[in-house]
Amino acid sequence: MTSIKEQAAISRLLSFLQDWDNAGKAARSHILDNFIENNQGKTAPELEQEFSQGASLFLVRLTTWLRLTYTNRTHCGLEKVLRSIGIFLASVNSNRYLIEFLEVGGVLTLLEILGLEKIKEEDKKESIKLLQVIANSGRKYKELICESYGVRSIAEFLAKSKSEETQEEVQVLLDSLVHGNPKYQNQVYKGLITLLPSVSPKAQQLALQTLRTAQSIIGATHPSIVDCVLNVLRTMHLEVQYEAIELIKDLVNYDVCEALLKGLVDLLTPSVPEASEPQPKILSDSTVVLQLTTARLPAAYLPAFLQQAAAAKAIGVLARGNTSLAEEMLRLRVVHSLMAAMGNAEHSNSQRQASLTLEYFVRIFPVVAEHVQRSMGEELYQLFRVSAPGPARLHGEPWPGRNATQSLHMKIDSVQVDILATNKVNVSRARPVLQQQELLLLPRDPEQLSDITRFQEDVEGKE
């Protein structure tokens, strides 16, 4: 027989459940407020004690109400219902509650919520948090989410979401799904790649960040990743460009290295149609620091020129980090392409980034310096030397600093622009003759440069 105390507890539980069953929307909303306030952070045994060992009876009512009403346009308490369910699922020793929720189609319900336009962003965010709890419960639960076409639903929601805070919660979920999920980690990896063409800069940024993690886990690349990452370089958002270049730095360690380097070099000489008539001035964006040198540049040209400047920057980053990559890019005629980019009078940042990178190649490869000087001519080469943003000193000679290069495009005339754009430089093989710590002290005197060049050619001739 049950004790008087147990009978009283059961009576309170039955009364509570009866109140819920008979309550309208407003009353149920009040019940949920009290439940959330009083039970947040409790363990499963504490919840059972609170409900006289009948907590599952309340959980099943919550899940039933959720499934019956989440598609209803008049539903106004979805966030509270999801938060209440979350108290059960997130509690310590909650495996019983988790199984009960999944058995009634909980995962499918949460995923469907993400795709319904009429549901508020705050409600979808709570759905993502529940999916996080489920995914963090173990490998089989991650597999269940993926088997329910969860990766596609989650990725589509990330691309469409208007809240950066919610998008960051989605990133946490995708990161969880790629860890400890060998059966479906490739599915998550491919889903992240499909996010790269997204129109949402935040979605692109988060996808690129998570791709770096996924790439290290999977250890192999997908053939489409090169084109997708290179296309991201067309962005006007520097935070996205930064993440793309960081991913590129990782990808050169995989089998796509050659295709990636070739793609970057090709982007230095974009194909853009000639303007047949004046175009309206591009509206400025306060979030963009890249500036155009001409106010009447057709808007259709801008993505290609942004991509050109970003490619020049990425090539510089790779070359500075690995001399072997710099040598490989010489084979792809990167010097010719960098000079051509410097001749893009329509986009000053392309000129700036290309000159930054070309200046590095000139420093570490004396042969490159000789060919560049010969192609530019003495006057333009001296102007390039003066404007190049190198380290503080080079063989005892001061360098002007980074502000000087920003005015290079203002110093060269149309003839010099044409010299750069139509250059025929072809340096396909060279190796630095100095150690890395000595590269910053490369001589700039033409006679000394010639001596080092002849020595370089002698070394190569003996190989």
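Biologist: Let's start with Tyr149. Where is the place of Tyr149?

Modeller: Tyr149 sits in the loop between helix 9 and helix 10, and helix 10 covers residues 150-160. Keep in mind that this is a predicted model.

Biologist: Is Tyr149 buried or exposed?

Modeller: Exposed, because its relative accessible area is 57% and the cut-off for exposed is over 50%.

Biologist: And what is phi of Tyr149 near?

Modeller: Phi of Tyr149 is near 60°, which is a positive value in a residue other than glycine. Arg333 is another one to look at: it isn't a glycine either, and its phi is positive at about 65°.

Biologist: Where is Arg333 found?

Modeller: In the loop between helix 18 and helix 19. Arg333 has 31% relative accessibility, so it counts as partly exposed.

Biologist: OK, zooming out. How many helices and strands does the chain have?

Modeller: The secondary structure comes to 26 helices and two strands. The chain has 463 residues, and 50% of them are buried.

Biologist: What about the accessible surface of the chain, how much is there?

Modeller: About 22500 Å², with 51% of that belonging to carbon and sulfur atoms.

Biologist: And what share of the contacts comes from residues 24 or more positions apart?

Modeller: If you take contacts with a separation of 6 or more, 73% of them are between residues 24 or more positions apart.

Biologist: Back to helix 9. How does helix 9 pack with helix 8?

Modeller: Helix 8 is residues 121-135 and helix 9 is residues 139-147; their axes are 7 Å apart and the angle is about 135°. That makes helix 8 and helix 9 oblique to each other, because an angle has to be over 145 degrees to count as roughly antiparallel.

Biologist: Which residues make the contact?

Modeller: On helix 8 they are Leu131, Ile134 and Ala135, and on helix 9 they are Tyr141, Lys142 and Ile145. Sorted by type, the contact of helix 8 with helix 9 has five nonpolar residues, no polar ones and one charged.

Biologist: Helix 8 has Asp123 in it too. Is Asp123 buried or exposed?

Modeller: Asp123 counts as buried, because its relative accessibility is 7% and anything under 20% is buried.

Biologist: What does Asp123 touch, then?

Modeller: Skipping residues up to four places away in sequence, Asp123 touches Leu78, Glu79 and Leu82.

Biologist: New topic: helix 18. Which residues are buried there?

Modeller: Helix 18 runs over residues 323-331, and Leu325, Ala326, Met329 and Leu330 are buried in it. They cover an arc of only 150° around the axis, so they are on the same side of helix 18.

Biologist: What covers the buried residues of helix 18?

Modeller: The cover includes helix 16 (257-267), helix 17 (302-321), helix 19 (334-342), helix 20 (348-364) and helix 21 (366-376).

Biologist: Last one, glutamines. Where are Gln167 and Gln205?

Modeller: Gln167 is in helix 11, residues 164-178, and Gln205 is in helix 13, residues 201-218.

Biologist: Buried or exposed, for Gln167 and for Gln205?

Modeller: Gln167 counts as buried at 2% relative accessibility. Gln205 is buried as well, with a relative accessible area of 13%.

Key: Residues are numbered from 1 along each chain as its sequence is written. This is a predicted model: local features need pLDDT of at least 70, side-chain atom pairs count only at pLDDT 80 or more; totals for chains, interfaces and linings use all residues. Side-chain values use heavy atoms; hydrogens and water are left out. Helices (H or I, at least four residues) and strands (E, at least two) are DSSP runs, numbered from the N terminus. Buried means under 20% relative accessible area, exposed over 50%, partly exposed in between (1.4 Å probe, protein chains only). Contact means heavy atoms within 4.5 Å. Accessible areas come from the Shrake-Rupley method with a 1.4 Å probe; for residues, only the protein chains shown count as cover. The arc is that of the directions from the helix axis to the C-beta atoms. Axes are lines fitted to C-alpha atoms, for helices over the stretch in contact, and angles run from 0 to 180 degrees between N-to-C directions. Angles under 35 degrees count as roughly parallel, over 145 as roughly antiparallel, 65 to 115 as roughly perpendicular and the rest as oblique. Ala, Val, Leu, Ile, Met, Phe, Trp, Tyr, Cys and Pro count as nonpolar, Asp, Glu, Lys and Arg as charged, and the others, Gly among them, as polar.
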